[in-house]
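Please look through the sequence and the model below before reading on.

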Amino acid sequence: SAGGFDTCRPCSPGSNQSFPGRDSCDACPAGYAAPSWGAKLCSACSAGESTRGKPGLTQCEPCEAGRAAATAGSERCSPCKLGTFSDREGALECEECTGGKITQAIGTASASLCLCDAEEYLPSGTGNPSCTACPAHVLCEAGSTAFDLGLAVGQADSSIQRARIQAGFFSEVSDPTSVFRCLRASDCPGGPLLQGDGNCPGGRSGLLCRDCPAGYIRDDSGCHECTVGDRLGAASAIFVAVACVPLFLIVARKKQVSEHPQGVLAMSVGGLLVFLLQMIATLSAVQVPWNNPFEDLLNILSIISVDLDSVRLGCVLNPAPDQLFVFKMALPLLAVCALAL
């Protein structure tokens, strides 16, 4: 023969020749294989198999986990799309993640990698729970679960902090999903959800990060030790306030004042008005999405809110935050009561 052979030789595995008189065999194209000698035609890979893009193979290979081939003759198995997975070899198609979950990448090879999207978490429980929206002002990363929010019995991986409390808000370790708005946004910088007052700045602690140790006073950066000047200033403010009470009563009882009850009435109405405006101003701390123009009104009224922290009362009396709040709200009423005596 022209090729120097006395007889024709069969095509080797991985090749084929369907036409007589040819001097060579053709390699099977990608997606096809010839397992035996002397093949006239290559066989298409079955669904769930491929040659992984290689020609001239003797057999097809099953799709690896995370991939699938829905049709016969596939050159390559397709990676599972986002939101799907395949946890076995030879898959014809990928399975959908259930419960509203997603995957973080294509080619996912396990159902355990189906996770809840950002701003959602996976509740605990039997069966196949669906993803649930995270509580307001709790920032959940993708993959958050009930453990990350402290809603499941057990302990989350402390090295992974998927849920965080938004800056300006506070929650306690004992009930992390009950979120409180801080009186001042600077009091609560936010942080890992399950740390509670461990997120408080500069040595603060307690509900809303308002507590400082005895002998310390709050400021914007945290707690600082009371100085002699702080104590003198607080004591002076208390002395002036106490001294003004009898002076106020003396002035109120003078004949000129008693002969002009309209002036007393005006002062009483003014005190009640200030009290009312302070009460309205406190609504800015309520977790309600106020609409304009009421939101602008609350911002304006916050100016008249008395800031007792500025007089450093904590350096002398060390009152609790709730006691300070009650005292601040009662100041206008005390003035009105004094006038009534």
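A residue is called buried under 20% relative accessible area, exposed over 50%, and partly exposed in between (1.4 Å probe, protein chains only). By that rule R210 is buried, with a relative accessible area of 11%.

This is a predicted model, in which local features need pLDDT of at least 70 and side-chain atom pairs count only at pLDDT 80 or more, while totals for chains, interfaces and linings use all residues. Residues are numbered from 1 along each chain as its sequence is written, and side-chain values use heavy atoms, with hydrogens and water left out.

A salt bridge is a side-chain nitrogen of Lys or Arg within 4 Å of a carboxyl oxygen of Asp or Glu, and the whole structure holds six of them. The table gives some of these pairs.

| Pair | Closest N and O atoms |
|---|---|
| E61 and R52 | 3.2 Å |
| D187 and R210 | 3.0 Å |

D187 lies in the loop between β16 and β17 and R210 in the loop between β17 and β18, so this pair ties together parts that are 23 residues apart in sequence; strands here are DSSP runs (E, at least two residues), numbered from the N terminus. D187 counts as buried at 0% relative accessibility, and R204 is likewise buried at 3%.

The pair of E61 and R52 has another setting, for E61 is partly exposed with a relative accessible area of 30%, and R52 is partly exposed at 35%.

Conventions: Helix = DSSP H or I, 4+ residues; strand = E, 2+ residues; numbered from the N terminus.
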